[in-house]
Each structure stands twice: as structure tokens, then as C-alpha cells.
Amino acid sequence: MPAPAGLRPLVAESWRRSARVDPDGLPTLALDDAQLDAIRGQGPIGTALAVVRRLLLDDVRAAGCVVALTDAAGCIVWVDGARAARRAAEDMGFTAGADWAEEHAGTSAPGTALRLGRGVQIRSEEHYATAVKAFSCTAVPLHAADGSVVGALDITGDDRAVERHTLPLLTATAAAAEAEIALTALRHATRATSTTVPRADRADRADRVRRGASSAELTLLGSDTATLRTGDRAVRLSERHSEVLAVLASTPGGLAAADLAVAVYGDRRAVPTLRAEVVRLRRVLADHAPGAHLSSRPYRLTGIRTDVETVLSALDRGARLQAVDGYSGPVLPGSASPGVDDLRDAVRSRFRESVLTDGGVDALQAWSRTADGAADPQVLRALLGVLPRRSPRRAGLVAAIEALDRR
């Protein structure tokens, strides 16, 4: 089937690759129940599944969509979400065991994300298969610690599945899942070697791992430009280098040059400018963070941990006060880059949802003292609702809420 005029280049290329797929067919079942149980119960997908259930499932249900995990080949391993959306998804063959690889099901977010190795959003009519055109979807690949792709994380539903915040939300969830996958792999490796490696060698190796893992830290919160720290050394980065690193650090799977140009400059035509900037940035990293690596095709950053990861990790553990204490302000607040703006909104939303879900006085008070919390009337109302009736803070909260409502 020829690609209609007006398709985005990414989608048009996928349609051309899908030319041998029957657009009126449905995906075939490639995995049986025993195979699905085995994949869900162990390995990286099993690890990711626990994270996705904890961090994403409730939000997806509330949005009336479904969330799915695939294996590296594009077969759906697990799908859950709002009841009506699940039934509709089943009607088009979007069910556990079905093969949604691009070469078998045509253009779709999970299959195309796996094919391209990066996050994608596919809107209704952009789908190749007829049965899928009533749906929209967003998906990102999932990676093991060595960078290999182990599957994809997808949200499918109506137009809410491709809203502006959906891709950053999936990217953040995938990053949390990838961190857990890497940690699980490290635990298994440690257990496997602990009986054969002498204790002194194990301690030395652990020390090297700790030093290597924390050798480069990037501070993005509360400052218009980032600070890169390695050991006792620190260097303030330029605004553009800060933006490039912020976007790449929040996208573990990497970005193609055109997509990174859009995220940083808001214009895919800025690729030549981006490439020149990356050359200069690599020199900075070589001088100040030799353990970091900025690769190409796609552009991908490794060897640097950010303060954003640190505070979000604390949130995921339920350590909300620790997380809020580490939140010194929005991500690069002076930046107008679209990718940084998306990351800034995603981090702010994660904190807001976490403290509102917790509903405790301490977490709400801590967040209300930040600039973001102080400007959020829902947070202030939630705090007002849990403060003791005689609390001296109540009058100030009522005044602040009224002032916000008058804006």
C-alpha cells in the first residue's frame, strides 16, 4: 500500500518498510501462555514489569488508555489499563502474545520504536494497519545495562496517548525500569562471583564500581546552567551544553540527530549547528569527565548521573522528604529548549503527583515550600485539609490560595 502524501518523514519511511504487510490483517500470536509466564516471571522484562505496574499503571488507567510491554522482537508480553480500552485493544489484536514487530504488523509505536531504537509517537491515521487507525500510541525502547534492547514500553489509546507529556512520562518510567534492570543484573553477578572471588578483591572491585558509577555528576536543578562534577573538580557548562546533556541524560535510549536538534533548538534544520556543538561538548567531557561517553547514531550519553535521577529515585523509593529536600528548583529554569521544557514539566509533575498521593502533612509542607509547590493551589488546598485546625499556618495558606485564585 503506497504511503499517502503528507505523512511525517518518520512515518512515511515506516510505511515503505511495511509494504509487504497486509493492511487489513491482524497480528498473529507468536507466544503461548507458558512462554509469556516465563518472560514475565524472570529476566529484564520481569524486572521492568514490576516498575511499570508501580509507577505507570494507575495513571494510564485514569487516562482511559492501556500500557504494554513487548520483548525485543516486538511481541507483546503484558498489557493492562482501563477496562474499555483493553477490550478495544483486544479487538485489534493488541493482546499478550501478539507479534507487533514493524515487519509483521506495520507502522505502530512499539514496532517502530524498536526498529528505530528511540521513542516515537504514532497518531491514528499514521498507522499502517486499518484496524489500528482508531488508536494513537507512544512507545520507547527498554535497554539492559550493556545498552542492548530488551523490549519496548507503550501507551495506546485515544488522543491522550500522544499528548505532549506522554513521551517524557514514558521516557522517565523507562529510565527507572532500566536502572532496576541494571541493579538486578549487578546483584546476580555479585552473587555468582561472591563464592569464588577473595574478600579483599571483592572489596576492591566494589570500591572501583562505586567510584566509577559516581565519577561524573551533573547538576540540573535550580540553575540556568548545569554544573559537571568529577571528584573534587567542578565546571560550569554553557547554556547549550547544559541543554544537550539534560536532554540526553533523560533519554537513555538516545536520540537521532534530527530529534535532538528539535529537542534542543526546536528546529530539525539545526542539525549542522548541533553537530558542531557536540564536537565542542565532547572536548569538555574529555577534559572534565573522562569516564563519560557521548556516542553518535543515535546520540547517547553514558557515564554521567544527574541530580534529577537522584531525586526521582528517592521519590520512587517513597523517600518523599529526602526527594523534596534535594529538589533545589526546576530543571534549567532559564532554558527555552523544548526537550528541557518537557523534562522540567515531567519532573515537576512527578513530585506533585507523589506528594498529593502521599497526602501526608510532612510531604505536603515540604513541597509547598518550593517555588513550584507554593504556586500550586491544589497542593496548598491539600495541605490546608490535613493541617490541625489550630495550626498557625492555616491563615497564611488561605491567603496564598485566594491570591492564586485571583490570578
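Helices (H or I, at least four residues) and strands (E, at least two) are DSSP runs, numbered from the N terminus. This is a predicted model, in which local features need pLDDT of at least 70, side-chain atom pairs count only at pLDDT 80 or more, and totals for chains, interfaces and linings use all residues. Residues are numbered from 1 along each chain as its sequence is written, and side-chain values use heavy atoms, with hydrogens and water left out.

**Figure 1. The whole chain.**
The chain holds 19 helices and 11 strands. Its radius of gyration is 23 Å, close to the 22 Å that the globule rule gives for 407 residues, so the chain is as compact as a globular protein of that length. (The radius of gyration is taken over C-alpha atoms; the globule rule is 2.2 Å times the number of residues to the power 0.38.) The C-alpha trace spans about 65 × 55 × 50 Å along its principal axes.

**Figure 2. Confidence along the chain.**
Mean pLDDT is 86 for the chain, and 92% of the residues reach 70 or more. (pLDDT is the predictor's confidence in each residue, from 0 to 100.) Over residues 199–214, pLDDT stays under 50. For this stretch the model has 4 contacts beyond four places in sequence. (Contact means heavy atoms within 4.5 Å.)

(Axes are lines fitted to C-alpha atoms, for helices over the stretch in contact, and angles run from 0 to 180 degrees between N-to-C directions.)

Cys 137 stands opposite Thr 156 in strand 5.

Strand 6 (residues 217–219) and strand 11 run parallel, joined by 2 bridges. Leu 218 stands opposite Thr 306 in strand 11. Strand 6 also pairs with strand 7 (residues 227–230), in the antiparallel sense, over 3 bridges. Glu 217 faces Arg 229 of strand 7 as its opposite residue.

**Figure 3. The hairpin of strand 7 and strand 8.**
These two strands pair in the antiparallel sense over 4 bridges. Thr 230 has Arg 233 in strand 8 as its bridge partner. The hairpin has 2 residues between the strands. Gly 231 takes a positive phi near 65 degrees in this hairpin.

**Figure 4. Helix 10 against helix 12.**
The axes of helix 10 (residues 239–249) and helix 12 (residues 271–288) come within 10 Å and cross at roughly 90 degrees. Helix 10 is therefore roughly perpendicular to helix 12. (Angles under 35 degrees count as roughly parallel, over 145 as roughly antiparallel, 65 to 115 as roughly perpendicular and the rest as oblique.) From helix 10, Arg 240, His 241, Val 244 and Leu 245 take part. They meet Leu 274, Glu 277, Arg 280, Leu 281, Val 284 and Leu 285 in helix 12. The contact residues divide into 6 nonpolar, 1 polar and 3 charged. (Ala, Val, Leu, Ile, Met, Phe, Trp, Tyr, Cys and Pro count as nonpolar, Asp, Glu, Lys and Arg as charged, and the others, Gly among them, as polar.)

**Figure 5. Helix 11 against helix 12.**
Helix 11 (residues 257–265) packs with helix 12 at an angle of about 90 degrees, their axes 9 Å apart. The two helices are therefore roughly perpendicular to each other. Helix 11 contributes Ala 257, Ala 258, Leu 260, Ala 261 and Tyr 265 to the contact. Helix 12 contributes Val 271, Thr 273, Leu 274, Arg 275 and Glu 277. These residues divide into 7 nonpolar, 1 polar and 2 charged.

**Figure 6. The loop between strand 9 and strand 10.**
Pro 298 lies in this loop, between strand 9 (293–295) and strand 10 (300–302). Arg 297 has its place in the loop too. The peptide bond from Arg 297 to Pro 298 is cis, with omega near 0 degrees. Arg 297 has a positive phi, near 55 degrees. Most residues other than glycine have a negative phi, and most peptide bonds are trans.

Note on methods:
Pairing = 2+ DSSP bridges.
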